[in-house]
Amino acid sequence: MPSLSVYTEGRHYQDCLELYNHALKKQPLVCARPRTEEEVSHLVQFCTEEKISFAVGSGGHDFFGRSVVHKGILIDMRDKETVSVGADRASARVDGGVIAGHLQETLNSHGLFTSTGQAKSVDYVSWACGGGYGFYVGTYGFGVDQILGARVVLAGGRVVDTNEDSELLWALRGARTSTFGIVTELRVKVYPVPKLYAGFLAFPLAEAATVMDKIEKLLDDDFPDEFSGDAIAVNPEMARRR
């Protein structure tokens, strides 16, 4: 595969190791960044035949490090990042390496929208297949509710479209992307762009009780059903450095 990008050191290799959880110290031997479904298929076939451990990554937000492998091959999907809007403007094809921010920006340029999570750097496909909780659940449903179909590379390298395997589609909806294979494409529902009001508030953990008390009082004051929010406590060792 002469066109496949493979890195063992340098800037591109380090870019593959940019993980949300900075406490993780796993070091793959190789970072491979496929651009096509065929390259993904060949990589999986090679790893299976040679009995080489591999992991599939994109956004790197898995706190448990399942998107990186130590002393194996990391298949970094981020170069497979095409988003194609359907002629009906009710669906879109989303490549396996597309992150949420890129998806929303592309859809917005077409006057469209779909439900995503809280962080723009999260891999969309993993998020959606893993359940897909986010701020828009109350209005649009979970990420799995948006999935119409998928293309998947199975363990031996064979490519399957869920149009021909409805049970695989059922399994993917909530099973994370790498449980049954590598999802190279999702087909998902899209909607006209809604009017949104959003914001992000960060504060020291010592102030958590005061802040949450005030939020609770606000929620008691006839908040709209569409409102959604989330609270996350982050260990400083896991937080991004600025």
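Ser41 counts as buried because its relative accessibility is 12%, where buried means under 20% relative accessible area, exposed over 50% and partly exposed in between, with a 1.4 Å probe and protein chains only. This residue lies in helix 2 (residues 37–49); helices (H or I, at least four residues) and strands (E, at least two) are DSSP runs, numbered from the N terminus. Not counting residues up to four places away in sequence, Ser41 touches Val153, Gly157 and Val159, a contact being heavy atoms within 4.5 Å.

A word on the ground rules. This is a predicted model, in which local features need pLDDT of at least 70 and side-chain atom pairs count only at pLDDT 80 or more, while totals for chains, interfaces and linings use all residues. Residues are numbered from 1 along each chain as its sequence is written, and side-chain values use heavy atoms, with hydrogens and water left out.

Now turn to Lys80, in the loop between strand 4 (73–76) and strand 5 (83–85). Its relative accessibility is 8%, so Lys80 counts as buried. Leaving out residues up to four places away in sequence, Lys80 touches Pro34, Arg35, Thr36, Glu37, Asp95, Gly96, Gly97, Val98 and Thr184. For a sense of scale, Lys80 and Asp222 are 142 residues apart in sequence and 44 Å apart in space, C-alpha to C-alpha.

Next, the nonpolar interior. In soluble globular proteins, nonpolar side chains tend to be buried together. A nonpolar core here is a set of buried Ala, Val, Leu, Ile, Met, Phe, Trp, Tyr and Cys residues joined through side-chain atoms within 4.5 Å. The largest has 25 residues, and Leu103, Leu107, Tyr124, Val152, Val183 and Leu186 touch the most other members. At least two residues each come from strand 6, helix 3 (100–108), helix 4 (124–129), strand 8 (147–153), helix 6 (166–172) and strand 10. Helix 4 gives the most, with five residues. Apart from this core lies another, of 11 residues, among them Ala32, Val40, Cys47 and Val153.

Setting aside neighbours within four places in sequence, Leu107 is in contact with Val83, Val85, Ala92, Leu112, Phe113, Thr114 and Val190.

What about the charged side chains? The structure holds 14 salt bridges, each a side-chain nitrogen of Lys or Arg within 4 Å of a carboxyl oxygen of Asp or Glu. One of them joins the side chains of Arg33 and Asp15 (3.1 Å, N to O). This pair links distant parts of the chain, with Arg33 in strand 2 (residues 30–33) and Asp15 in helix 1 (residues 10–16), 18 residues apart. Arg33 counts as buried at 8% relative accessibility, whereas Asp15, at 30%, counts as partly exposed. Both belong to a network of salt bridges that links Asp15, Arg33, Arg35, Asp76, Arg78 and Asp79.

The side chains of Arg93 and Glu185 meet in a salt bridge (2.7 Å, N to O). Arg93 sits in strand 6 (residues 91–95) and Glu185 in strand 10 (residues 182–189), 92 residues apart. Arg93 is partly exposed at 41% relative accessibility, while Glu185 is buried at 12%. Asp161 and Arg187 also form a salt bridge (2.8 Å, N to O). Asp161 lies in strand 9 (residues 159–161) and Arg187 in strand 10, so this pair ties together parts that are 26 residues apart in sequence. Asp161, at 13% relative accessibility, counts as buried, and Arg187 is buried with a relative accessible area of 10%.

The structure holds one cavity of 30 Å³ or more: on a 1 Å grid over the protein atoms alone, a cavity is a set of points where a 1.4 Å probe fits but cannot get out, a pocket is an open set with protein on both sides within 12 Å along at least five of seven lines, and lining residues have an atom within 4 Å of a point. The largest cavity holds about 50 Å³ of space, a volume being the space filled by probe spheres set on the points, which are joined across faces, edges and corners. Its lining includes Cys16, Gly57, Asp76 and Arg78. The second largest pocket has a volume of about 180 Å³, and Gln14, Leu17, His22 and Lys25 are among the residues that line this pocket.
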